[in-house]
Amino acid sequence: FGSQTAFEANNSTVVVANSPGFYRIFAGITKSSSTAGGVECNFTMTDGSTTKTIYGLETPAFINAVDSLTVDFVVFLRAGDSISATTNNADAFIKGSVRQLADGSGTLVQPNGFPL
């Protein structure tokens, strides 16, 4: 409980993690679209100069659809790297949680309260 950090992106970009290490990210993505510009929900990583989409869900413009899915993945961040959740529309949501599994050297980061 104490080791988890919740996040939510709705028509915004939210930095999920930005310190070196291994992170487990799990989230629900929900979106609908009947708008001119289409709807996108993405997880992006950046090293400060280049941004890459590592996971995404998109509905093209004027296609009336509702989509939802769950994601659960692990990423490694170097010094200067960050990962963000991004949505481009008020009808797009990413809600989830992140927990650091290990530091940048690979040393395990124990959850709060462990061991009992």
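Me: How many aromatic pairs does the count come to here?

Reply: The count comes to 4 aromatic pairs. Keep in mind that this is a predicted model.

Me: How is a pair of aromatic rings described?

Reply: You give the distance of the centres and the angle of the planes. Take F7 and F43: 6.3 Å centre to centre, with 85 degrees between the planes, and edge-to-face. F7 sits in strand β1 (residues 5-10) and F43 in strand β4 (residues 39-46), so this pair ties together parts 36 residues apart in sequence.

Me: Which kind of pair do F43 and F73 form?

Reply: Planes over 60 degrees apart count as edge-to-face. For F43 and F73 the planes are at 80 degrees and the centres 5.3 Å apart, so that pair is edge-to-face. F73 belongs to strand β6 (residues 65-77) and F43 to β4, so the pair links parts 30 residues apart in sequence. Ring pairs join F7, F43, Y55 and F73 into a cluster.

Me: Is F43 buried or exposed?

Reply: Buried means under 20% relative accessible area. F43 has 0% relative accessibility, so it counts as buried. F73, with a relative accessible area of 17%, is buried, and F7 is buried as well.

Me: Which residues have the most contacts inside the largest nonpolar core?

Reply: They are F7, I25, F43, I83 and I94, in a core of 22 residues. Strands supplying at least two residues each include β1, β4, β6 and β7 (82-87). Leaving aside neighbours within four places in sequence, I83 is in contact with residues including V14, I25, T44, I54 and F73.

Technical notes:
Residues numbered from 1 in each chain as written. Predicted model: local features only at pLDDT ≥ 70, side-chain atom pairs only at ≥ 80, totals over all residues. Heavy atoms only, no water. Phe/Tyr/Trp six-rings, centres within 6.5 Å; stacked < 30°, edge-to-face > 60°. Helix = DSSP H or I, 4+ residues; strand = E, 2+ residues; numbered from the N terminus. Buried < 20%, exposed > 50% of the residue type's maximum accessible area, 1.4 Å probe, protein only. Core = buried A, V, L, I, M, F, W, Y, C linked by side-chain atoms within 4.5 Å. Contact = heavy atoms within 4.5 Å.
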